[in-house]
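Below are some notes on the model for your review.

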Amino acid sequence: MISEIAIFEASDANVDLANPDSPYKANFEKHLKTVLASDGAQAAYYAQVIEKPHIIILFVNWDTLDSHINATKTPQFAAFESSFRTTLIKDSTPTTPTNVFHVPFKANMLDALQPQTLKSDSIGVTELVFASFHPSPRSQSAKDKIVDSFNHVEPFILRHGGLTGYRNGWALESLETPLFETKEGGGEVEGKGDRFDVYVNLTGWDKMETHVKFMETEDFRDNLHWYTDVEGGKGWEIVHGRFFEVGGR
């Protein structure tokens, strides 16, 4: 499985995706159901960025990268993409570049994304960390060294109560950062306009309060350096979202 990730600004600045009566939400899910009818499409997950609610993060899971590429070559996908851009993305046209990339996560990310059920007690939250490294592209051995450093932290995260999922992986593409164009949405990244290798980490929590309490622990403080002191690191963007699911096959 591979995950296609898109980050964009909603055409409706006041959109509320938690509102089941939202016209934007209805149109958004109608478009997603269209693309999920493609061969190889599995499911889609989407959220508003809590720190910047007019920004939407979309995940679409595919069997393989080839299945996604093949789907984009069909007339149906071309019609979907044109309509999606012009009705759901702010100031977009069929030729406007979008922030789309792919990550082969190490395992199914369903639990880490905590898809909501639109019930009042659905308070799970996902922390999304985008770590940028330069120069790009880096060798596989250099990437493995970075992952080895990050892996020192996993045991401390996984043993804390309230954790619902933990997934990570490298974006296949070199990306221009920052991804969110906002300090409120996370950390700053050096070298705006440059291209970076980006490591994506998803951590699901049962609620935001649990996540905040974890950041106050000695485990967090004593092991943060495994993230921050990695050679070649140029910055972090950290955002949070409550995800909704649109099922495919």
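1. A residue is called buried here when its relative accessible area is under 20%. The model is a predicted one. By that cut-off, ten of the eleven residues of strand β8 (residues 195-205) are buried, so the strand is largely enclosed by the rest of the structure.

2. The pairing of β8 involves several strands. Strand β5 (residues 125-133) runs antiparallel to β8 and is joined to it by nine bridges; in this pairing, serine 132 is found opposite valine 198 of β8. Strand β6 (residues 163-170) is also antiparallel to β8, with seven bridges, and here glycine 169 faces valine 200 of β8.

3. Leucine 175 has phenylalanine 196 of β8 as its bridge partner.

4. Helix α1 covers residues 23-35. At 1.5 Å a residue, its 13 residues should span 18 Å, and the C-alpha atoms at its ends lie 19 Å apart, which agrees. At the start of the helix, the backbone nitrogen of tyrosine 24 has a side-chain oxygen of serine 22 within 3.3 Å.

5. Which residues of α1 are buried? They are Tyr24, Lys25, Phe28, Glu29, His31, Leu32 and Val35. Around the axis they cover an arc of only 160°, which puts them on the same side of α1. The face turned away from that side carries the exposed residues Pro23, Lys30 and Lys33.

6. The cover over the buried residues of α1 includes strands β1 (2-9), β2 (41-49), β3 (52-62) and β10 (244-247), together with helix α3 (75-88).

7. The largest nonpolar core has 26 residues, of which Phe8, Tyr24, Phe28, Tyr46, Leu58 and Phe84 touch the most other members. At least two residues of this core come from each of β1, α1, β2, β3, α3 and β10. Another core, of 25 residues, lies apart from it and has Ile7, Phe105, Phe130 and Leu179 among its members.

8. With its neighbours within four places in sequence left aside, leucine 58 is in contact with Glu4, Ile5, Ala6, Phe8, Phe28, Leu32, Ala44, Tyr45, Tyr46 and Phe84.

Note on methods. Residues numbered from 1 in each chain as written. Predicted model: local features only at pLDDT ≥ 70, side-chain atom pairs only at ≥ 80, totals over all residues. Heavy atoms only, no water. Buried < 20%, exposed > 50% of the residue type's maximum accessible area, 1.4 Å probe, protein only. Helix = DSSP H or I, 4+ residues; strand = E, 2+ residues; numbered from the N terminus. Pairing = 2+ DSSP bridges. Expected span 1.5 Å × (residues − 1). Arc of directions from axis to C-beta. Contact = heavy atoms within 4.5 Å. Polar contact = N/O pair within 3.5 Å; in protein donor to acceptor, adjacent residues only side chain to side chain. Core = buried A, V, L, I, M, F, W, Y, C linked by side-chain atoms within 4.5 Å.
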